[in-house]
Amino acid sequence: MKVYVDNAATTKMSRTAIDAMLPYMEALYGNPSSLYSIGQAAAEALQRARETTAKCLGCEAREITFTSGGSEADNQAIISAAALGEKKGKKHIISTEFEHHAVLHTLNKLEKQGFEITLLNVHENGIVTKEQVASAIREDTCLVTVMYANNEIGTIQPIAEIGAVCKEKCVLFHTDAVQAAGHLHIDVKKQNIDMLSLSAHKFHGPKGIGALYARKGIQLTNIIEGGAQERGKRAGTENVPAIMGMAAAFEEACGYIDKNSAKISALRDKLIDGLSKIPHSILNGAREPRLPGNVNFCFEGIEGESLLLLLDQKNVSASSGSACTSGSLDPSHVLLAIGRSHEIAHGSLRLSLSKWNTEEEAAHILKAVPEVVAYLRNMSPVWRDLKESKKKFIL
Ligand SMILES: *Cc1c(COP(=O)(O)O)cnc(C)c1O
């Protein structure tokens with residue numbers, strides 16, 4: 001048995017998505033900007049994909065720009081809002097400490113260009129409140145960007161409420177919805193969202209394709225110069241097969257949100273209950289509201305990387321947090337943001353589930369993780385000091 005529980009890093013493509021792509025690689029490979037028939041067939045497909053994507057978000061097709069993924073959509077949204085703000089002399093941006101690096105690093109760059117960035121603290125429960133946002137907004141604030149659901153600890157933010165605060169104060173509101181799209185119901189109009197980023201490979205679509213929703217009237221800045229594709233806002237020949245795969249995967253995921261989330265969250269709850277029994281462990285982030293597929297724990301006295309390697313030997317593919325920071329020795333900025341110490345943050349485990357995980361797999365995980373944790377603690381000098389009371393337990 002191979003147990004894949006790293007769906008927050010990426011997902012396996014669905015058959016529907018693959019089938020939707022194949023015709024555009026085989027027969028209908030034309031460039032959508034060409035006038036002959038296979039080009040026009042591609043152009044029509046592109047329009048259908050844009051309409052499908054828009055329908056899943058509750059917006060209009062012309063409000064969708066296809067990008068190379070979630071990172072590009074985040075970059076473009078933030079850079080566009082900053083450019084619009086700068087024109088009005090507004091150079092203050094509000095975000096949170098636990099955003100994805102696609103957001104945080106873009107904000108760092110803007111800070112060097114003279115923007116002032118306020119990063120809101122995140123409560124230990126992994127939730128940012130509308131009151132925090134409201135009290136940070138100033139006369140010169142041009143953008144609030146708060147992620148929809150956190151990619152490491154799975155906590156879901158009060159997006160509609162934060163959007164309402166921004167709307168009232170006439171500040172643009174962007175949300176990185178890469179972990180939410182296809183997993184939670186989204187309605188950009190009802191939720192007061194001005195800009196939203198999504199990525200296909202997080203909902204069983206292909207990698208290297210995503211979308212940026214920008215409410216009509218919001219002038220986007222192009223970050224890739226060239227041809228006039230995407231209404232002049234994103235140059236480069238459209239990746240038609242990937243766009244078709246994304247639209248099919250998104251439509252499929254959105255059609256089964258309730259059914260999938262009931263199934264996946266039941267497995268999640270079983271895992272949370274089971275892993276909570278491991279002594280000196282803690283669930284990261286509130287139990288609710290939480291992504292249906294997210295489980296994230298810290299275990300005191302162990303080191304996350306060794307945990308992952310040993311789990312891999314037991315055929316469990318999991319993660320310590322974000323795929324972007326694995327390989328570096330820095331603890332997760334998300335776990336530090338919710339107040340975990342460096343020492344505790346190093347012993348983290350994220351399991352992110354999909355509709356394809358089974359009860360048998362959950363049972364396998366619930367056997368494997370406690371075994372591996374006990375094995376590592378046995379070898380750990382830190383654990384020995386804790387047991388011999390030379391050090392105090394934190395958890
Ligand atoms: C995966 C992810 C991204 C990056 O998306 P890519 O398509 O891989 O560039 C951005 N934000 C969040 C929250 C993510 O989980």
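Okay, let's start with L196: setting aside neighbours within four places in sequence, L196 is in contact with L57, H174, T175, A177, I186, V188, A211, L212 and Y213. Contact here means heavy atoms within 4.5 Å.

Quick housekeeping. This is a predicted model, so local features need pLDDT of at least 70 and side-chain atom pairs pLDDT 80 or more, while totals for chains, interfaces and linings use all residues. Residues are numbered from 1 along each chain as its sequence is written, and side-chain values use heavy atoms, with hydrogens and water left out.

So where does L196 sit? L196 is among the residues with the most contacts inside the largest nonpolar core, which has 64 residues; L57, V133, V144, I186, L198 and F203 are on that list too. A nonpolar core is a set of buried Ala, Val, Leu, Ile, Met, Phe, Trp, Tyr and Cys residues joined through side-chain atoms within 4.5 Å. Buried means under 20% relative accessible area, exposed over 50%, and partly exposed in between, with a 1.4 Å probe and protein chains only. Helix α8, residues 240–255, gives this core its largest share, nine residues. Helices are DSSP runs of H or I, at least four residues, and strands are runs of E, at least two, numbered from the N terminus. Apart from this core lies another one of 29 residues, including I264, L308, V373 and L376.

Now, what does α8 pack against? In α3, A42, A45, L46, R48, A49, T52, T53, C56 and L57 meet V240, I243, M244, A247, F250, E251 and C254 in α8. That contact divides into 12 nonpolar, two polar and two charged residues. For those labels, Ala, Val, Leu, Ile, Met, Phe, Trp, Tyr, Cys and Pro are nonpolar, Asp, Glu, Lys and Arg are charged, and the others, Gly among them, are polar.

Next pair: helix α9 (residues 257–276) and helix α13 (residues 359–379). In α9, L267, K270, L271, G274 and L275 meet E359, A362, I365, L366 and V369 in α13. This contact has seven nonpolar residues, one polar and two charged.

Last stop, M147. You'll find M147 in the loop between β5 (141–145) and α7 (159–168). Is M147 buried or exposed? Its relative accessibility is 1%, so M147 counts as buried. Leaving out neighbours within four places in sequence, M147 is in contact with F98, E99, H100, Q157, I159, T175 and D176. T175, you'll remember, is also in contact with L196.
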